Amino acid sequence: MAGLTLRSVHKAYGDVPVIKGVDLDIEHGQFVVFVGPSGCGKSTLLRMIAGLEDITDGEIRIGDRVVNEVEPRDRGVAMVFQSYALYPHMSVYDNVGFGLKLAGTRKEIRDAKIRAAAKVLQMEHLLDRKPGQLSGGQRQRVAIGRAIVREPDVFLFDEPLSNLDAALRGDMRMELARLHSDLDATMIYVTHDQVEAMTLADKIVVLDGGVVQQVGSPLELYNKPANLFVAGFIGSPKMNLISVTSQAGGTVVSPALAAPLPLPALQHDLSAEAKLTLGIRPHDLALAPDGPLKGQVRLIERLGNETIVRVMLPGNTEITAALPGQDRIETGETITLGFKAESAHLFCEDGARF
Amino acid sequence: MTATATTTPNTLIARSLIILLMIVTLLPFLSMLSAALAPQGTYPNGLQWPADPQWGNFVRAFEVAKMDQLLLSSTLIVLGVVPISVLIATMAGYGLAKLTTNKYKWLYLVFVFGLTLPFEAVITPLYYEVRALGLLNTRFAIILPLIGLYMPFSVYWMRAHFLNVPHDLTEAAQLDGATRWKEFWLVQVPLARPAIMSLTILLFLWTWNQFLLPVVLVQDPMQRTMAGALGAFQGQWGTDIPLLCAGSLLILAPTVALFLLFQRQFVAALMQGAVKG
């Protein structure tokens with residue numbers, strides 16, 4: 001088992017840069033999730049760690065060994081693919097044991113390891129089957145089993161749950177979390193699903209356009225997003241973003257706001273007339289008769305435990321509020337929403353956190 | 001068929017056409033069979049079942065054409081051509097599909113170019129080439145050129161298969177610790193079995209039925225393929241129609257037997273070709 005270090009890692013396809021300098025420290029035993037929209041470079045970064053993509057510039061260390069030029073098989077990593085990538089002609093037993101067979105592991109030891117992995121993943125009854133006879137969830141288990149038996153330093157997961165249905169995804173997510181605590185292994189996990197990221201990760205790496213936007217624990221990212229991108233990406237429903245202008249005296253104004261809004265964060269800022277973005281999480285909004293946000297209800301989603309309301313504010317700004325319980329709001333009604341000043345997020349014109 | 005309710009005029013026409021096509025296809029064979037069973041020295045005309053079928057004609061044809069030797073010769077040629085062609089084509093197909101970068105894509109075009117080359121166009125230069133190598137009148141005069149001539153199609157065929165194998169499998173094998181060579185033998189080749197099987201069947205048929213090359217390059221009929229030997233047989237026994245027909249049917253027999261044995265794979269092979277062009 002080992003940690004992982006990335007130093008100024010770059011990747012370009014011809015003249016097109018896709019990873020633009022990533023620095024990252026992953027400690028032994030951490031569960032790190034790379035998250036970002038499609039095309040942000042998260043899978044490429046994972047594949048570079050696996051050795052499946054060359055590194056254009058920079059350095060990747062696994063433990064204290066630089067692995068830039070090391071073949072994938074010698075890096076001490078195991079990967080679970082989105083497509084599972086099981087060998088269709090081999091039984092589950094042979095799929096799981098293929099790596100050990102190639103490594104020349106003795107048959108008894110191999111057998112013991114395969115059966116131990118099958119037990120951990122509760123798939124002992126599947127060992128004789130071919131991948132084609134398995135369901136999606138079972139295939140996923142086999143793919144994970146294949147990774148486990150190799151006892152790698154680092155586990156790599158490339159969107160492993162995205163081919164499963166919602167219910168199964170929830171179950172597998174919990175199993176992965178259990179596996180991580182059982183194995184005490186370093187795991188790197190790529191996903192575009194932020195629920196997976198929030199629930200599994202010790203540390204989340206948010207990527208966009210080949211650049212790390214923020215690294216931190218799930219709650220750090222949720223509570224203190226470093227920029228507008230992270231603010232919009234982490235949290236569901238998405239954070240409401242309202243363009244505002246600061247005024248002397250620590251208030252902000254906007255056509256969307258019923259009145260100038262005092263914000264404690266602005267007290268020490270002297271520059272007036274700065275263009276800012278105010279961010280409020282839908283779950284931080286509540287019905288408040290004297291609140292600053294007044295608008296007409298456009299759409300209501302009743303989820304039972306909460307009610308998601310889309311509200312059109314003046315100035316053509318639409319926001320989302322997640323109200324607890326089953327509020328008796330109707331479409332077309334005018335409501336007033338408020339929030340605590342400390343739950344507001346402010347972002348500068350360049351997108352960075354204020 | 002009991003479900004007459006589903007029998008529309010269209011299906012009736014379709015079935016009649018199929019039956020007609022079957023008759024047209026089978027008629028020459030039946031005609032050959034009836035001719036082969038006619039008494040020796042007669043000139044049978046068309047489809048006329050002889051009053052006294054001479055099954056002994058087959059035995060005689062087998063003996064005079066030295067079918068046992070021809071079978072052996074054909075088998076030797078097939079064994080010389082097919083396994084080597086399939087092996088080389090499989091390796092080349094894998095290489096062209098999985099190992100070449102964009103820079104070397106043109107290599108594949110060379111093979112595609114080979115597909116456009118008409119077989120007959122190379123026969124004369126091939127004759128001089130084989131003569132220069134001192135292989136004229138040996139089975140190698142058939143084996144070596146055939147391996148070469150089969151390559152464009154075979155490589156094209158195998159490459160098309162390997163292109164369809166998901167790249168993830170290659171990467172999974174790499175991470176599992178497989179070298180390229182091991183990945184090829186332990187992962188890719190077992191997965192390519194249907195493609196290899198169909199290619200083997202096609203190459204077998206083409207080799208077995210090879211006529212032009214043996215006739216041009218090998219003088220001794222006993223060193224030729226069965227189909228090639230038919231040329232010599234015809235020259236020698238051209239006037240004895242029943243014997244000629246019996247011989248031809250005997251020469252056909254192994255191909256038909258093979259077809260019946262591997263019917264399913266054979267159809268699959270042709271279908272594969274249909275889809276992949």
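Okay, let's start with one pair of residues: Ile300 of chain A has Val309 of chain A, in strand β17(A), as its bridge partner. Before I zoom out, keep in mind that what you see on the screen is a predicted model.

So where does that pair sit? Strand β16 of chain A, residues 293-302, runs alongside strand β17 of chain A, residues 306-313, and the two pair in the antiparallel sense over 6 bridges. If you're new to this, strands of a sheet pair through backbone hydrogen bonds, and they can do it parallel or antiparallel. Zoom out a bit and you get an open sheet of 5 strands in chain A, with antiparallel pairing and the order β15-β19-β16-β17-β18. Which strands stand at the edges? They're β15 (286-287) and β18 (317-324) of chain A, and each has a single partner strand, so one side of each is left without a neighbour in the sheet.

Now, the whole of chain A. There are 354 residues here, and buried ones make up 39% of them. The secondary structure comes to 8 helices and 20 strands in chain A.

The domain assignment of chain A gives us two pieces: domain 1 is 4-233, and domain 2 is 240-282 plus 292-347. How far apart are the centres of these two domains of chain A? Taken over C-alpha atoms, it's 39 Å. The contact between them takes 5 residues from domain 1 of chain A and 5 from domain 2 of chain A. On the domain 1 side, that's 3 nonpolar, 2 polar and no charged residues.

Over to chain B. Its domain assignment gives domain 1 as 4-54 and domain 2 as 67-276. For chain B, the C-alpha centres of the two domains lie 32 Å apart. Their contact takes 11 residues from domain 1 of chain B and 8 from domain 2 of chain B. The side of domain 1 of chain B that touches domain 2 has 7 nonpolar residues, 4 polar and no charged.

Next, a helix pair in chain B. Helix α3 of chain B (residues 67-99) packs with helix α6 of chain B (residues 140-163) at an angle of about 35°, and their axes are 7 Å apart. The crossing of α3(B) and α6(B) is right-handed. As for who's in that contact, the residues divide into 20 nonpolar, 6 polar and 2 charged.

Last bit: how do the chains meet? In numbers, 17 residues of chain A are in contact with 14 residues of chain B. On the chain A side, β6 (77-80) and α2 (92-102) are the elements that give two or more residues. That side of chain A has 13 nonpolar residues, 3 polar and 1 charged.

And have a look at helix α7 of chain B, residues 167-175, whose buried residues include Thr170(B), Glu171(B) and Leu175(B). What covers the buried residues of α7(B)? The cover includes α1 (42-50) and β6 of chain A, together with α3 and α8 (180-191) of chain B. Just after α7(B), Gly177(B) takes a positive phi of about 105°. That's me done, thanks!

Notes. Residues are numbered from 1 along each chain as its sequence is written. Chains are lettered from A and ligands numbered from 1 in the order in which they are written. This is a predicted model: local features need pLDDT of at least 70, side-chain atom pairs count only at pLDDT 80 or more; totals for chains, interfaces and linings use all residues. Two residues are in contact if their C-beta atoms, placed from the backbone, lie within 7 Å. Helices (H or I, at least four residues) and strands (E, at least two) are DSSP runs, numbered from the N terminus. Ala, Val, Leu, Ile, Met, Phe, Trp, Tyr, Cys and Pro count as nonpolar, Asp, Glu, Lys and Arg as charged, and the others, Gly among them, as polar. Axes are lines fitted to C-alpha atoms, for helices over the stretch in contact, and angles run from 0 to 180 degrees between N-to-C directions. A crossing is left-handed if the near helix is turned anticlockwise from the far one by less than a right angle, and right-handed if clockwise. Two strands pair if DSSP finds at least two bridges between them. Domain bounds come from an automatic or database domain assignment. A residue is buried if 20 or more other C-beta atoms lie within 10 Å of its own, exposed if 12 or fewer, and partly exposed in between; C-beta atoms are placed from the backbone.
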